[in-house]
Amino acid sequence: MQNFTIADLVQTKLATLALALFLLPPGYLLGLASNAFGMRSRSAAEKILFSAAYSVAITPILAVLVTRLSSYKVTIAFFLVLAVISIATLVRQLPLPAGFLSRVQRSTWILLGMMLAWFVVVQFSLADLQIGHRLYVNYVAYDHSVRVPFVEAAARTGVPPLNPFYGLGEAPVLRYFYYWYVVCALPMRLFGLSAKACLSASVFWSGVGLASIIPLFLKYVLYETENLRKKTVIGIALLTVTGLDILPFAYLGLRLHLWLGDIEWWEPNQVTSWLGSLLWVPHHVASLTACMAGLLMLSSIDEASSPGQRIWGAVISGLAFASAAGLSVYVTFTFAIFAIFWFLQLLFEKKFKTFTTLAAAGVLSLLLSWPYLVDLLSKRIDAAGPGARFAFFALRGFPDVLQIFESLGMHNPLLLNLLQVPILLFVYFVEFGFFALIMWLCLRTDTRSSTPLSRQRRMMWMMFVICLLTMSVLRSDSSGSNDLGFRGMLVVQFVLVLWATPIVYDVFSRSSSVVATDIGGRRWIKASLVLTLLLGVAGTACELLALRFYPLLADAGKITRSESFLGSPGFAERTYWLRRGFDQLNALTPSTAAVQYNPTGNETMMAHLYSTRQAAMGDPECGSPFGGDLQKCKQMYPYVSAVFNSPDAIRDWSLDLLCDEFYINVLVATDVDPAWQDRYGWVWIKPALFANPSMRAIPCGTGARTSPVR
C-alpha cells in the first residue's frame with residue numbers, strides 16, 4: 001500500500017533542495033556585482049543572509065520576465081548558469097582549511113539549528129498524514145487547494161498562467177499575483193516534482209528569506225552593530241511570537257465548545273501570526289521580504305552617495321518592488337502608500353539626488369511590471385461579481401462586540417460608530433499582545449529622548465504609523481474577506497519585530513541602556529513583557545497543533561466541526577481514495593485533458609488539491625474572480641450541476657454531446673454525489689477509466705475512450 005505521508009516528505013525534501021538553485025545564487029551574485037553594503041568583503045554568514053533575502057526579492061521578476069519572453073527551458077538554463085557561476089566563485093573564495101568548523105561561532109550553529117527546526121516544522125505540518133486508509137490534510141489545505149492548481153497551471157501553461165478553474169472554451173489568463181507560483185514551477189519543470197511538494201517547499205524558503213532580511217535591517221537601518229549575532233538570534237526567534245489569540249481561542253473551546261482549526265479565526269479582521277502567514281500564504285511573506293529588500297537598499301542612499309551607488313540602488317530596488325507587486329498586490333499596495341509619503345518628505349527636505357534614485361526605482365519597477373499590470377487591469381468588470389472591491393474606506397471593526405451592545409438596547413448609529421474606536425484599540429492589544437507593549441515602550445523612549453531621531457528611525461516610524469492607519473481605515477472584499485487588512489498588516493508586524501529585538505536583548509541581558517534602565521525600575525513592565533511573550537509563543541505552538549490535528553479530531557468526532565470544506569462525514573477515508581484516484585487519473589490522461597467533478601460538493605477542495613488537469617468548472621463561479629466571464633459560467637452552471645446532483649432530470653440527456661459543448665474529457669463522480677446513488681445512471685452504466693470505493697472516472701465526449709483502462 002502506497003504511503004502518501006512518506007511520498008510527501010520525500011518530494012518536499014527534494015523540492016526544498018531544488019528551490020535552492022533558484023533562491024540563493026541570484027542574490028549572491030547580485031551582492032558581489034553591486035558590492036552593496038560592501039558585500040564583497042563581508043563574512044560568509046552575511047553573504048548567505050544577503051543571498052537568501054535578495055534572491056527571494058529578485059528571482060520572481062527574473063523568472064516571470066524570462067519565461068514570458070522565451071520559455072521555461074531558457075529560464076531554467078539561465079538560473080543553472082547562475083548556480084554554476086556561484087559555485088565556482090565560492091570554491092575560489094572559500095577554501096576550507098583544517099579546523100574550519102571549529103571556528104564557526106556559536107550563534108551560527110544556533111541559527112543553523114533554527115533553520116533545521118523550521119525545515120522539520122514545514123515538512124511535518126504540510127505533508128498529508130496517512131493512518132491506514134485514512135488521509136488527513138493540514139487545515140491550510142483550504143488555501144493550498146487553490147494555490148496548488150495555480151502552481152500546476154504555471155508549470156503546464158507557461159507565463160502568464162491560465163486559470164485552472166475556468167475551462168469553458170479557451171482558458172483565460174490567470175488574473176492574480178502569480179509570481180511565486182512561477183518560481184515554484186521551476187523545480188517542477190526541471191525535476192518533475194509535484195506542485196504540492198514545490199508549494200510546501202516554498203514555505204520553507206519564504207521563511208528563510210524573511211529571517212535573512214531581519215539581521216540586515218538591524219545592522220544597516222537600526223545600527224544595532226553591538227552584539228549583532230545575539231540580536232539576530234533574538235530577532236528571528238521573535239517570529240515565533242504572536243498576540244494573545246490563545247485566550248479567545250481557549251475561551252471559545254472550553255466555554256462554548258467551539259474549537260477552531262486556526263486560532264486566528266476568532267477575529268474576522270485577524271492579525272495573522274508569522275507562522276500562520278508562512279504556512280497559509282508564503283507568497284505574501286515573500287512580497288514583504290521583497291519590499292523590505294528594496295527599502296533597505298534605498299535607505300542606504302543619501303545625497304553623498306556616488307552615481308554608481310545610486311544606479312545600483314535604483315536597479316536592485318526596482319527589481320525587488322517589481323517582484324513584490326507580482327507576489328502580493330495587498331502587501332505592495334500598503335507599502336506603496338508609505339513610499340509616497342516618504343518620497344514627499346524627501347522633496348520637502350530638498351534631497352533631490354535621493355529622491356531621483358527613489359523615483360528611478362519606482363519607474364523601473366513599473367516598467368518591469370507593465371505586462372503583469374495589463375493582465376490585471378484587463379479583467380472583465382463582471383468577472384468577480386458584484387461588490388468585489390480591492391480597497392474601500394471602512395473602519396477595521398469587530399462586529400460581534402457591536403452586536404452585544406445592540407442586544408443591550410443601544411441602536412444609535414453615532415454611538416455605535418464611536419464605540420468602534422475603543423473596541424479596535426482593545427482588539428489590537430489582543431492581536432499584537434507582546435508587540436503592543438513594544439510599540440508603547442518605543443513611543444515612550446523616542447518621545448522622551450533629547451537626541452533627535454535618526455533618518456532611518458524616522459523612516460521606520462513613518463512606515464509603522466502610515467501602514468497601521470491604512471489598515472485601520474481601508475479594507476477589501478475582493479475574495480470575500482479582508483485580505484488587504486490581513487496581508488497589509490505584515491509591514492506593521494515587521495517593524496514591531498525589529499523594534500522588539502534590541503529591547504528584548506537589553507532587558508534580558510541586564511544592559512544599561514535607557515530602555516533597560518527604565519523597565520528595571522518598573523517590575524510590572526518586565527512582568528508584562530514576560531507574560532505576553534510566553535502567551536505569544538504558546539499561541540504559535542497552539543496554532544501549529546490546531547492546524548495539524550484539527551482534521552484528525554473532527555474526523556473522529558472528538559470535537560464539533562466548525563467548517564465543512566474538509567468534506568462530508570468520513571472525509572479522511574474519502575480523502576485517501578480521492579488522492580489515490582486523482583493520481584491514477586493524472587497518469588492516465590494527457591496534460592491537455594479537462595476534467596469535471598461536482599462543482600458544488602464539499603469534496604471540491606480535494607479535487608483541486610490532487611487533480612493536475614484543467615477543470616471545466618472548478619466551482620459554481622468557475623473561478624471567474626481569477627479570470628473569465630462570470631455570466632457565461634452562470635449560464636452553463638445549471639447543466640453541469642445537474643449532471644452530478646439531479647440524476648432524474650438528466651436521464652434523457654446525451655452526456656457525450658454535453659461534454660463536447662463544455663470541453664470536458666473526463667467526468668469524476670464521488671460517493672457523496674447524488675448521481676452516485678443512481679445505480680441506473682451514467683456513473684454506473686458508462687465504462688470507467690478506473691474506479692475505487694469513493695471515486696469513478698468516466699470518459700466523456702464523442703471521442704472518448706469507450707473501454708476501461710485496467
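Here are some questions and answers about salt bridges and strands in this predicted model.

Because the model is predicted, local features need pLDDT of at least 70 and side-chain atom pairs count only at pLDDT 80 or more, while totals for chains, interfaces and linings use all residues. Residues are numbered from 1 along each chain as its sequence is written, and side-chain values use heavy atoms, with hydrogens and water left out.

Q: How many salt bridges does a search of the whole structure find?
A: Let's start with the term: a salt bridge is a side-chain nitrogen of Lys or Arg within 4 Å of a carboxyl oxygen of Asp or Glu. With that rule, the search of the whole structure gives a total of 18.

Q: How many residues apart in sequence are the parts that Asp8 and Arg579 tie together?
A: The side chains of Asp8 and Arg579 form a salt bridge, at 2.8 Å from N to O. Helices (H or I, at least four residues) and strands (E, at least two) are DSSP runs, numbered from the N terminus. Asp8 sits in helix H1 (residues 4–20) and Arg579 in helix H23 (residues 571–588), so the parts they tie together are apart in sequence by 571 residues.

Q: Are Asp8 and Arg579 buried or exposed?
A: Buried means under 20% relative accessible area, exposed means over 50%, and partly exposed lies in between (1.4 Å probe, protein chains only). By that scale, Asp8 and Arg579 are both buried.

Q: Which residue meets Asp128 in a salt bridge?
A: Asp128 is found in the loop between H5 and S1, and it is buried, with a relative accessible area of 2%. Its side chain also makes a polar contact at 3.3 Å, meaning a pair of N or O atoms within 3.5 Å; within protein, one must be able to donate a hydrogen and the other to accept it, and residues adjacent in sequence count only if both atoms are side-chain atoms. The salt bridge, at 3.3 Å from N to O, is with Lys196.

Q: Which residues are linked with Asp128 in a network of salt bridges?
A: Contact means heavy atoms within 4.5 Å. Leaving aside neighbours within four places in sequence, Asp128 is in contact with several residues, including Asp8, Lys196 and Arg579. In the salt-bridge network, Asp128 is linked with Asp8, Lys196 and Arg579.

Q: What is the order of the strands in the open sheet of five strands?
A: Strands of a sheet pair through backbone hydrogen bonds, either parallel or antiparallel. Two strands count as paired if DSSP finds at least two bridges between them. The edge strands, each pairing on one side only, are strand S6 (614–615) and S8. Pairing in this open sheet is mixed, and the order is S6-S5-S7-S9-S8.

Q: Do S5 and S7 run parallel or antiparallel?
A: In S7, Leu667 is the bridge partner of Gln596. Two bridges join S5 to S7, and the direction is parallel.

Q: Which residue in S9 is the bridge partner of Ala669?
A: Strand S7 (residues 666–670) pairs with S9 over five bridges in the antiparallel sense. For Ala669, the partner in S9 is Arg696.

Q: How many residues lie between S8 and S9 in their hairpin?
A: Strand S8 (residues 690–692) runs antiparallel to S9, joined by three bridges. Across this pairing, Phe690 stands opposite Ala697. The number of residues between the two strands of the hairpin is two.

Q: How many of the residues of strand S9 are buried?
A: In a regular strand the side chains alternate between the two faces of the sheet. On one side of S9 are Met695, Ala697 and Pro699, and on the other are Arg696 and Ile698, all of them buried. Strand S9 (residues 695–699) is therefore largely enclosed by the rest of the structure, and its count of buried residues is five of the five.
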